[in-house]
Amino acid sequence: MLEDKAYTLISSEARKHDPSGMLLHVIHTPHSVLESTRRYREEAESLLRFDFSRLSGVVVSGMGGSFISGLFLYDLIADKTDKPLVLNRDAKLPKFIDKNYLLVTVSYSGNTEETLRVYSEGLKRGIPIVAVTSGGKMAEISEKKGVPLLRLPPGIPPRAAFPHITSALTSVLSLVTGIDAVSWLEEAARELQSRLEGAFSEGAALARLLHEDVAKGLVPLVYGYSPYTSPAYRFKTQLNENSKVHAFFGELPEGNHNEIMGWSGPLANFSVIFLRGREEPEYMRARIEFLEELLSSKGVPYYNLYGEGGGRAGELLSLVFKADVASVALALLRGVDPTPVDIISRLKTHLESRVGLTFLREAER
Ligand code: PA5
């Protein structure tokens, strides 16, 4: 089993740097997806009693590790549904969101200030809400007020709860849009399960290349394009939180209209990763070809990471998996524990005393 040899496939020292088992969370991705889709499909059906045909659209609001599943769902279904899917990574809601929208607030801890502000604003404005959380204030208030709640399993780092959060969101969005995205996700998980070791080895191999680049002072820069934006953005955030390195995300084709000029300047110490898939249009291939030539001519290392699987969900899930493996493996090769995010925790403690959650008083009544 992969679980037994995963650490040794990275290095002989890897296991000792991962006391909380972040790598195991990643390896369990397909299993966790399958376990959660079964559960949340039923829960969502019994909890959500709206007339979905009357909804104008859906807003998914969350931060960090709790946000990324919204972007994944956007990649998966936004071009296939007539219901607008609005992604909100802010502490407030746009004005046009009214009672005809469904607001899905996602916070693993249930205590993230920005998401709680949106949650309480939604309650105040009478917008129907579904809360996705493992506990905290969001669960407490939802239970008190009868807000539908999809509860996440406890004791997981928020970003490692990606399979569970994605399954919960997919269940909600399948109901709202009438698209059976849950079945796509289940199929994607089964496909990933069947080629887990190969995908793992690809992620680990990329980590070794990035390890050399980072040691030379190069900063990872991950490029994505629709419909593969979410794994690219996920990769950047996982490199930040797991590997504890700066990493940046760029979106194509937009980056070709501005960022591309940076390659002619002095601050070009990057190592580039393109995340790609079979739906890559010819117009995008032409742009990436140009970039590859440009990077080669400047001596900038670049790598291509491809999605695998029969459909878009499979490609997306396999890309997220390979990126997750690469970020954790890079941490372990650097001798860094991927789990703690001490600066984020310190910021949250600072905000608790500096800003607090007094804005929740009304919601708590
Ligand atoms: O992965 C992490 O730990 C962070 O990105 C968190 O997800 C982020 O700080 C938001 O917290 P929460 O997911 O609990 O709402």
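**Close-up views of a predicted model**

View 1. An oxygen atom of the ligand sits 2.5 Å from an N or O atom in the side chain of Ser66. That makes a polar contact, meaning a pair of N or O atoms within 3.5 Å; within protein, one must be able to donate a hydrogen and the other to accept it, and residues adjacent in sequence count only if both atoms are side-chain atoms. This is a predicted model, where local features need pLDDT of at least 70, side-chain atom pairs count only at pLDDT 80 or more, and totals for chains, interfaces and linings use all residues. Residues are numbered from 1 along each chain as its sequence is written, and side-chain values use heavy atoms, with hydrogens and water left out. Lys348 also reaches a ligand oxygen, with an N or O atom of its side chain 2.8 Å away. On its own the ligand would expose 370 Å², and the protein buries 93% of that (areas by the Shrake-Rupley method with a 1.4 Å probe; for residues, only the protein chains shown count as cover). Other residues around the ligand include Met63, Gly64, Arg159 and Glu241 (a residue counts if one of its heavy atoms lies within 4 Å).

**View 2. The largest nonpolar core.** Here we look at a set of buried Ala, Val, Leu, Ile, Met, Phe, Trp, Tyr and Cys residues joined through side-chain atoms within 4.5 Å. Buried means under 20% relative accessible area, exposed over 50%, and partly exposed in between (1.4 Å probe, protein chains only). This core has 96 residues, and Phe200, Phe235, Trp263 and Ile273 touch the most other members. Helix α12 (residues 312-333) is the top contributor, with 13 residues (helices are DSSP runs of H or I, at least four residues; strands are runs of E, at least two; both are numbered from the N terminus). A second, separate core of 19 residues includes Leu93 and Leu360. In soluble globular proteins, nonpolar side chains tend to be buried together.

View 3. Leu330 lies in α12 and counts as buried because its relative accessibility is 0%. Leaving out residues up to four places away in sequence, Leu330 touches Ala207, Leu210, His211, Val214, Leu239, Ser243 and Val245 (contact means heavy atoms within 4.5 Å). Leu330 and Ala205 are 125 residues apart in sequence, but their C-alpha atoms are 9.8 Å apart in space. Beyond its neighbours within four places, Val328 is in contact with Met22, Leu23, Val26, Asn242 and Pro338.

View 4. Which residues of helix α1 (residues 2-10) are buried? They are Leu2, Ala6, Tyr7 and Ile10. These four are on the same side of α1 because they cover an arc of only 130° around the axis (the arc is that of the directions from the helix axis to the C-beta atoms). Asp4 and Thr8, on the other side, are exposed. The cover over the buried residues includes α2 (22-27), α9 (196-215) and α12.

**View 5. Ser167 in helix α7.** Ser167 belongs to helix α7 (residues 162-177) and is buried, with a relative accessible area of 0%. A polar atom of its side chain lies 2.7 Å from the backbone oxygen of Pro163.
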